[in-house]
Amino acid sequence: MAAPRLESFRRGSMFDASFRRSSMFDGSFRQSLRDRLLPHPTRDSFYPGEDKNPAPCCSYRNFSDKITGFVKKSQDVLFTAWEMGTSDPRKIIFSAKMGLALTLVSILIFFKLPGSELSNHYLWAILTIVVVFEFSIGATFSKGCNRGLGTLSAGALALGMAEISALTGKWAEVFNSVSIFVVAFFGTYAKLYPTMKPYEYGFRVFLLTYCYVIVSGYRTGEFMETAVSRFLMIALGGGIGLLVNTCIYPIWAGDDLHNLIAKNFVNVATSLEGCVNAYLNCVAYDTIPSKMLVYEAVTDDPVYSGYRSAVQSTSQEDTLMGFATWEPPHGPYRSFRYPWKMYVKVGGALRHCAFMVMALHGCILSEIQAAEEKRSVFRNELQRVGIEGAKVLRFIGEKLKKMERLNPIEDILHEIHQAAEELQSKIDKKSYLLVNAETWEIGNRSKDLTDDDLKNLDEDVTRILEHKSQSEATIRPPKSWDVVSNQATLGTVQSQRTVMIQKQPSWPSRFSLTPGSGLIPPGGEEEAQQMYRRASDLSLATFASLLIEFVARLENLVNAYDELCEIANFKEAVIA
């Protein structure tokens, strides 16, 4: 049976993930969860089409199968390589630049320039290019400077130690061995210091150069020639590498960081819209993908992959920021000491919002689900918050891509704050759908209250809160939001296409409360059904509260972006 698909989410967020109808399970909660996540012992014991009688290892059939498999794997590798090159042509250009740099160094070595003495250490020039030549300009400058400083400082220290060891006479070997131990100890210990992490490669080169000069110079007796030749050949290789990488189609780490943050805005907006639409349409996974359970990449689920890319980009942002600080002014980044750290700060604020989207997706994957008729009560409000939230994220992402400031006159959070307040107001009015109204204090009020007291309750807010449910008294809009008048709720958003949607049943209907299952309380099956129904209703309140929390976190994101605009001197917004 073909898996139905949910397509064409609003504003181009294509959601093409295969969903199937959740089965009706018998038994307890543990049994249903095990049936959904674990393979069936007999049904999944072997894959369909698997050959139960493999051919002997020396037979013609086995040999033919290996040849066919090798050819198929080779075709897959070639197809993947071609796809990688066409998706990002910079990788092909970078490979060509590496070949050109090595060729230039080899030509200089073949002509023995600038002399026969230096040509004896030609290997260091080739090694320098291979090690220093990185994908981005910033990474190349970083490694080049680390290698140059490490070589220069280690060579100078080795020459000084060589002069001292010459004075020790027959104890020169012992002195050199002790000096290597002491230098290696302090160099390695300094490398582990937290603030020295960006210079770790420089410390490695320092230790390698020191040991090489001491040992090689002791064997030949030419400490000065060894140190100078090594430094000059490293400078030759590093200079050619920097020249080729910078002058021929430069690849900037700053551009990658800028585009990564802007792309994450769009990804989180797509995930937010997908979560809200999937929840309102009661879309359910038949079996949660195993990769999703261990937080691995899933390419065919844009809702999951959208917020995951933003959450997982922390190390990538820090790495690009470290390389971008080494880059000279270029393109639109014309100032020295450009505030790349502020890009990481904006990415962190966006990640703080993405955590709420992850939690919203967790509500869809949860075993406890509210009934469809309960969700339809809050459909308009939930839909509007999702649409306005995605609109804000895409708007900031577009502004960041163009390096423009936000319009100081227009409040981009006004509409989404208003939508969140309408959702909160709807929750207050319909809170009896989310909790057990029979246990409210207003339904069990003290008998000493008279009719006159009840008539005056509307004038006393504190007395109203005393008699309302706990959920109504605590779930209130943040004080930072502007108080605006309630407007009429938006009409139901018309679906763009008619698609097949598998409905997600509420949690109580998934189980048959059989005796001995451990789920039936002492009150009997009826009380158990009510208990499960109340739990499923609270899941709807959880989803709504997470959506409101997402709105509250947007203010911090806007403030971080405004700070970036001010420090990075973005251009003024174009007011139409």
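The confidence that the predictor assigns to each residue, on a scale from 0 to 100, is called pLDDT. This is a predicted model, in which local features need pLDDT of at least 70 and side-chain atom pairs count only at pLDDT 80 or more, while totals for chains, interfaces and linings use all residues. Residues are numbered from 1 along each chain as its sequence is written, and side-chain values use heavy atoms, with hydrogens and water left out.

**Exercise 1.** Determine the mean pLDDT of the protein chain, and state how many contacts the model has for residues 1-50.

Solution. The chain average is 75, with 70% of the residues at 70 or more. Residues 1-50 have pLDDT below 50, yet beyond near neighbours in sequence this stretch has 97 contacts in the model, a contact being heavy atoms within 4.5 Å.

**Exercise 2.** Describe the largest pocket by its volume, its closest residues and the classes of its lining.

Solution. A pocket is an open set of points, on a 1 Å grid over the protein atoms alone, where a 1.4 Å probe fits and protein lies on both sides within 12 Å along at least five of seven lines; lining residues have an atom within 4 Å of a point. The volume, the space filled by probe spheres set on the points, is about 530 Å³ for the largest pocket. Its lining comprises 16 residues, of which Lys 197, Pro 198, Tyr 199, Gly 322 and Phe 323 are the closest to the centre. By class, 6 are nonpolar, 5 polar and 5 charged, where Asp, Glu, Lys and Arg count as charged, Ala, Val, Leu, Ile, Met, Phe, Trp, Tyr, Cys and Pro as nonpolar, and the others as polar.

**Exercise 3.** Classify the aromatic pair of Trp 124 and Tyr 212, and explain which parts the pair ties together.

Solution. Rings of Phe, Tyr and Trp (its six-membered ring) pair if their centres lie within 6.5 Å, with planes under 30 degrees apart stacked, over 60 edge-to-face and the rest tilted. At 5.0 Å centre to centre and 70 degrees between the planes, Trp 124 and Tyr 212 are edge-to-face. Trp 124 lies in helix 5 and Tyr 212 in helix 8, so the pair ties together parts 88 residues apart in sequence, helices being DSSP runs (H or I, at least four residues) numbered from the N terminus.

Definitions and conventions
Helix = DSSP H or I, 4+ residues; strand = E, 2+ residues; numbered from the N terminus.
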